Amino acid sequence: MDSIDLVKTFLKGQNLEHLDRIDEAIDLYETLVAEGFDAVGPYDRLISLYSTRARHQDVVRVATSAMSNVHTYDEKLKWYGEMRAAAEKAATKVPAAAPKKRG
């Protein structure tokens, strides 16, 4: 995608979020992360959305990607590191799922 398409994709994701079509927005934001988009928007939105869903490993992955791809100021990069560390810590506190009882 060229830079105009990347921005359009981000804006479409924002619109889908406003329409409460969160899963569709996540898919678009993930496309941008996979493309190595260099603006904070999709990374910030994914970190927020995944955090509220306790998807800690996804927060770690997105924050790590942001630290590699986003060209921003040092404090923002530090924030991504903090989000990653918090998600790594939270992931260790999540109890393992119990197997369903059959019968």
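Modeller: Asp5 has a relative accessibility of 34%, so Asp5 counts as partly exposed; the class covers values between buried (under 20% relative accessible area) and exposed (over 50%), with a 1.4 Å probe and protein chains only. The model is a predicted one, in which local features need pLDDT of at least 70, side-chain atom pairs count only at pLDDT 80 or more, and totals for chains, interfaces and linings use all residues. Residues are numbered from 1 along each chain as its sequence is written, and side-chain values use heavy atoms, without hydrogens and water.

Asp5 belongs to helix H1; helices (H or I, at least four residues) and strands (E, at least two) are DSSP runs, numbered from the N terminus. Across from Asp5 there is Leu32: the two residues are 27 apart in sequence, and their C-alpha atoms are 9.8 Å apart in space.

Which aromatic residue of helix H1 takes part in a ring pair with a residue of helix H2? Rings of Phe, Tyr and Trp (its six-membered ring) pair if their centres lie within 6.5 Å, and planes under 30 degrees apart count as stacked, over 60 as edge-to-face and the rest as tilted. That rule gives two aromatic pairs. In one of them the ring centres of Phe10 and Tyr29 are 5.7 Å apart and the planes make 40°, so the pair is tilted. Phe10 sits in helix H1 (residues 3-18) and Tyr29 in helix H2 (residues 22-34), so this pair ties together parts that are 19 residues apart in sequence. Phe10 and Tyr29 are both buried.

The loop between H1 and H2 holds Asp20. Asp20 is not a glycine, yet its phi is positive, at about 65°. With 62% relative accessibility, Asp20 counts as exposed.

The relative accessible area of Ala54 is 45%, so Ala54 is partly exposed. Arg55 is also placed in the loop between helix H3 (40-52) and H4. Since its relative accessibility is 33%, Arg55 counts as partly exposed. From Arg55 back to Phe10 there are 45 residues in sequence and 21 Å in space, C-alpha to C-alpha.

Helix H4 includes His56. At 16% relative accessibility, His56 falls in the buried class. The C-alpha atoms of His56 and Lys89 are 8.7 Å apart, while the two residues are 33 apart in sequence.

Ser65 is also part of helix H4 (residues 56-69). Is Ser65 buried or exposed? Ser65 is buried, because its relative accessibility is 16%. Contact means heavy atoms within 4.5 Å, and Ser65 is in contact with Val33 and Tyr43, leaving aside neighbours within four places in sequence.

Val40 is placed in helix H3. The relative accessible area of Val40 is 27%, so Val40 is partly exposed. Which residues does Val40 touch, not counting those up to four places away in sequence? They are Val70, Thr72, Lys76 and Tyr80. Met67 and Val40 are 27 residues apart in sequence, with 9.9 Å between their C-alpha atoms.

Lys76, one of the residues that Val40 touches, has its charged end over the ring of Trp79, 4.4 Å from the ring centre. A charge sits over a ring if NZ of Lys or CZ of Arg is within 6 Å of the ring centre and within 35 degrees of the ring normal.

Now the chain as a whole. The protein has five helices and zero strands, and its elements run α-α-α-α-α from the N terminus on. The C-alpha trace spans about 55 × 30 × 20 Å along its principal axes. Of the 103 residues, 34% count as buried; Phe10 and Tyr29 are buried, as is Ser65. Among the contacts between residues at least 6 apart in sequence, 50% join residues at least 24 apart.
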